[in-house]
Amino acid sequence: MRKPIVAGNWKMNKTVAEAIELAAAIKRELGDCKDVDIVLCPPFTAIQAVSETITGSHVDLGAQNMHWEKSGAFTGEISAAMLRELYCHYVILGHSERRQYFGETDAIVNKKVKAALAANLKPIVCIGETLEEREAGRTEEVIETQVRGSLADLTPRDLVECILAYEPVWAIGTGKTATPEQAQEVHAFIRGLLRDIADEAVAQSVRIQYGGSMKPANARELMGQPDIDGGLIGGAALEARSFVEIVRGAI
Ligand code: PEP
């Protein structure tokens, strides 16, 4: 059985004071929750404060991005070791906003995935098609290219440390959610790809989150699908009440 994993991607939101308040409220409600892996991904500036706020609870910490090099002249970037130092255990990689606005390719995501794994960070690797690609009947082709490219050269041992997040770009921040059937279809396809890339054991172990306008009203049904193992939450993660309800929907 795969343990559900629900992560909140706070994006470029929350000052340090706001982040502490949100993390403290989530800890109050879910600090003892052992049935779901819960991950908060604040902006870099709030990671330390959130790390201190959630300490001693079952709520875990992630970042939204990192660089693949260990250190050096990369102005504005953050390394895996810097995240580990703040007790991050996860990092979101290849989010569609990174791909769209910052030119991240599968090759770049692959370098980041390898650097994260080398530093003992679990990558949450995002993949997903645009509306145009879906309407052109290219969803599976796009997903296959992203999965194979982002996870290239990983051993089965590496693969089971990864979490995949299927996030149809047309559903992110738009209020349009994939139906449970649409999402399940792509999740099953991704699991099939993992079987092909590695083996059945890997395919059955890797957790695949759904992301894209997930909210309390649709979370339980989405996460109830056989191949949907949790959620990556944007907008609804910015408020404790909705995030907590979504996590409860995973149990
Ligand atoms: C996301 O950006 O990862 C996301 C799923 O956003 P939202 O929930 O706001 O659609």
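Does Asp 106 count as buried or exposed, and at what relative accessibility? Asp 106 counts as buried, at 16% relative accessibility, where buried means under 20% relative accessible area, exposed over 50%, and partly exposed in between (1.4 Å probe, protein chains only). The structure is a predicted model, in which local features need pLDDT of at least 70 and side-chain atom pairs count only at pLDDT 80 or more, while totals for chains, interfaces and linings use all residues. Residues are numbered from 1 along each chain as its sequence is written, and side-chain values use heavy atoms, with hydrogens and water left out.

Asp 106 lies in helix 5; helices (H or I, at least four residues) and strands (E, at least two) are DSSP runs, numbered from the N terminus. The side chain of Asp 106 makes polar contacts with the side chain of Arg 99 at 2.6 Å and with that of Ser 150 at 3.5 Å. A polar contact is a pair of N or O atoms within 3.5 Å; within protein, one must be able to donate a hydrogen and the other to accept it, and residues adjacent in sequence count only if both atoms are side-chain atoms. Leaving aside neighbours within four places in sequence, Asp 106 is in contact (heavy atoms within 4.5 Å) with Arg 99, Thr 145, Gln 146, Gly 149 and Ser 150.

Glu 104 is found in the loop between helix 4 (96–102) and helix 5 (106–118). Glu 104 is also buried, with a relative accessible area of 7%, and its side chain makes a polar contact of 2.7 Å with the side chain of Lys 112. Beyond four places in sequence, the contacts of Glu 104 include Asn 65, Gly 94, Arg 98 and Arg 99. Asn 120 is exposed, with a relative accessible area of 59%, and its phi is near 70°, a positive value in a residue other than glycine. Most residues other than glycine have a negative phi.

The ligand site comes next. Of the 14 residues around the ligand, Lys 11, His 95, Glu 167, Gly 173 and Ser 213 come nearest; a residue is near a molecule or strand if one of its heavy atoms lies within 4 Å of it. The shell divides into 4 nonpolar, 8 polar and 2 charged residues. In this division Ala, Val, Leu, Ile, Met, Phe, Trp, Tyr, Cys and Pro count as nonpolar, Asp, Glu, Lys and Arg as charged, and the others, Gly among them, as polar. An N or O atom in the side chain of His 95 is 2.7 Å from an oxygen atom of the ligand, and a polar side-chain atom of Glu 167 lies 2.7 Å from a ligand oxygen atom. From Gly 234 it is a polar backbone atom that is 2.8 Å from an oxygen atom of the ligand. The protein covers 95% of the 290 Å² of accessible area that the ligand has on its own, with areas from the Shrake-Rupley method and a 1.4 Å probe; for residues, only the protein chains shown count as cover. Ser 213 is found in the loop between strand 7 and helix 11. Ser 213 is buried, with a relative accessible area of 17%, and has a positive phi near 55°.

Strand 7 (residues 207–211) runs parallel to strand 8, joined by 2 bridges; two strands pair if DSSP finds at least two bridges between them. Here Tyr 210 stands opposite Gly 231 in strand 8. Strand 1 and strand 8 also pair in the parallel sense, over 4 bridges, and Leu 232 is the bridge partner of Ala 7. Within strand 8, Gly 230 and Leu 232 point one way and Gly 231 and Ile 233 the other, and all are buried. In a regular strand the side chains alternate between the two faces of the sheet.

Arg 207, in strand 7, counts as buried at 13% relative accessibility. The side chain of Arg 207 makes a polar contact of 2.7 Å with the side chain of Asp 37.

Helix 12 (residues 240–249) has 7 of its 10 residues buried, so it is largely enclosed by the rest of the structure. What covers these buried residues includes strand 1 (5–9), helix 1 (16–30), strand 2 (37–41), helix 11 (216–223) and strand 8 (230–233).
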